[in-house]
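I opened this structure to take some notes. Here is what I looked up, entry by entry.

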Amino acid sequence: MSWFGRLVHSSLVLPVERDHWEPDHAFRRRRIVAGVTLAVGATLLGLSLAVRPGDPVFYALTVGLAATWVVGAFLSGPLHAGWIQGPSRLHRPVVQPIALGLVAVAVFTVGALLVAQVPLLSASVDTVLDHARYGSLPLIALITLVNGLAEELFFRGALYAAVGVRRPVLVTTVVYTLTTVATGNVMLVFAALLLGLLVGAQRRVSGGVLAPMLTHVTWSLGMLLILPPLMSALA
């Protein structure tokens, strides 16, 4: 099996054994907390991307959004880092999820080259990238990092656990995608669908949030650094 085949098999196919059983009252609590957090988070997400690029209010809203995901995640109950199967033993997922994040960056970059040829879709991408173009790039990068980690703590941590055993990858991906609809940006919604399936599969295999978090922030920071100059060059 090639290195890429081994990467996919250990990260996205072969689940590790674990016992994350919870009593009924804890499970109900997770669902209530997850529902409230979703409502608040979706509202803040929509408001943040409706703000004019460069406006300081954007930073306040996105920090508030990250805090919402994190607080909701930890209030819901215990979270787990997760494990993946190595050649001889289980280990924490670090190298593999970063590698998958870089693969996702490459795939999305190729997709951006195609999107740039469609004015309507290209305009949707530019709407998001304007926050990086007209704001402070270091600050935007920090916000991107923090929000990526926070989203995974909630969606692949608290919400995934709240769904239960019936199709949690599908359910959390759909909810994640529908939450992104609050932005009104079709390209963000499409990206959320693809990314949600990828990190959801990692959550299923590893039983924790570490792998999804590393893949998400690798992908989001890569897109932040690559897309603005790429789309400007293609304009």
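I began with burial: of the 235 residues of the protein, 49% count as buried. Buried means under 20% relative accessible area, exposed means over 50%, and partly exposed lies in between (1.4 Å probe, protein chains only). I note that this is a predicted model: local features need pLDDT of at least 70, side-chain atom pairs count only at pLDDT 80 or more, and totals for chains, interfaces and linings use all residues. Residues are numbered from 1 along each chain as its sequence is written, and side-chain values use heavy atoms, with hydrogens and water left out.

**Overall build.** I found nine helices and two strands in the protein. Helices (H or I, at least four residues) and strands (E, at least two) are DSSP runs, numbered from the N terminus. Read from the N terminus, the order is α-α-α-β-β-α-α-α-α-α-α. The radius of gyration is 18 Å, close to the 18 Å that the globule rule gives for 235 residues, so the protein is as compact as a globular protein of that length. That radius is taken over C-alpha atoms, and the rule is 2.2 Å times the number of residues to the power 0.38. Along the principal axes, the C-alpha atoms fill a box of roughly 50 × 45 × 30 Å.

**Contacts.** I looked at contacts with a separation of 6 or more, and residues 24 or more positions apart account for 78% of them. Contact means heavy atoms within 4.5 Å.

**Arg31.** I placed Arg31 in helix H2 (residues 24-50). Arg31 counts as partly exposed because its relative accessibility is 46%. Which residues does Arg31 contact, leaving aside its neighbours within four places in sequence? I found Ala162 and Val163. I also checked Ala161, which is 130 residues from Arg31 along the chain; their C-alpha atoms are separated by 8.7 Å.

**Salt bridges.** I listed three salt bridges in the structure. The term needs a side-chain nitrogen of Lys or Arg within 4 Å of a carboxyl oxygen of Asp or Glu. Arg30 pairs with Glu22, with the closest N and O atoms 2.8 Å apart. Arg30 has a relative accessible area of 2%, so it is buried. Arg52 meets Asp55 at 4.0 Å, N to O. Arg52 is exposed, because its relative accessible area is 56%. Arg156 and Glu152 form a salt bridge with their closest N and O atoms 2.7 Å apart. Arg156 and Glu152 are four residues apart in helix H6 (residues 137-163), so about one helical turn separates them. Both residues, Arg156 and Glu152, are buried.

**Thr183.** I found Thr183 in the loop between helix H7 (168-180) and helix H8 (186-206). Is Thr183 buried or exposed? Thr183 counts as buried, because its relative accessibility is 15%. Its side chain reaches the backbone oxygen of Thr180 at 2.7 Å. Beyond its neighbours within four places in sequence, Thr183 contacts Leu45, Gly46, Leu49 and Leu188.

**Surface.** I noted that the protein exposes about 11,600 Å², with carbon and sulfur atoms supplying 72% of it. Accessible areas come from the Shrake-Rupley method with a 1.4 Å probe; for residues, only the protein chains shown count as cover. Val94, Val95, Ile98 and Leu102 make a nonpolar surface patch of about 340 Å². Patches are made of residues with over 30% relative accessible area and no salt bridge: like charges are joined within 9 Å, nonpolar side chains (Val, Leu, Ile, Met, Phe, Trp, Tyr) within 5 Å. I placed Val95 in helix H4 (residues 95-115). Val95 counts as exposed, because its relative accessibility is 62%.

Terms used: Polar contact = N/O pair within 3.5 Å; in protein donor to acceptor, adjacent residues only side chain to side chain.
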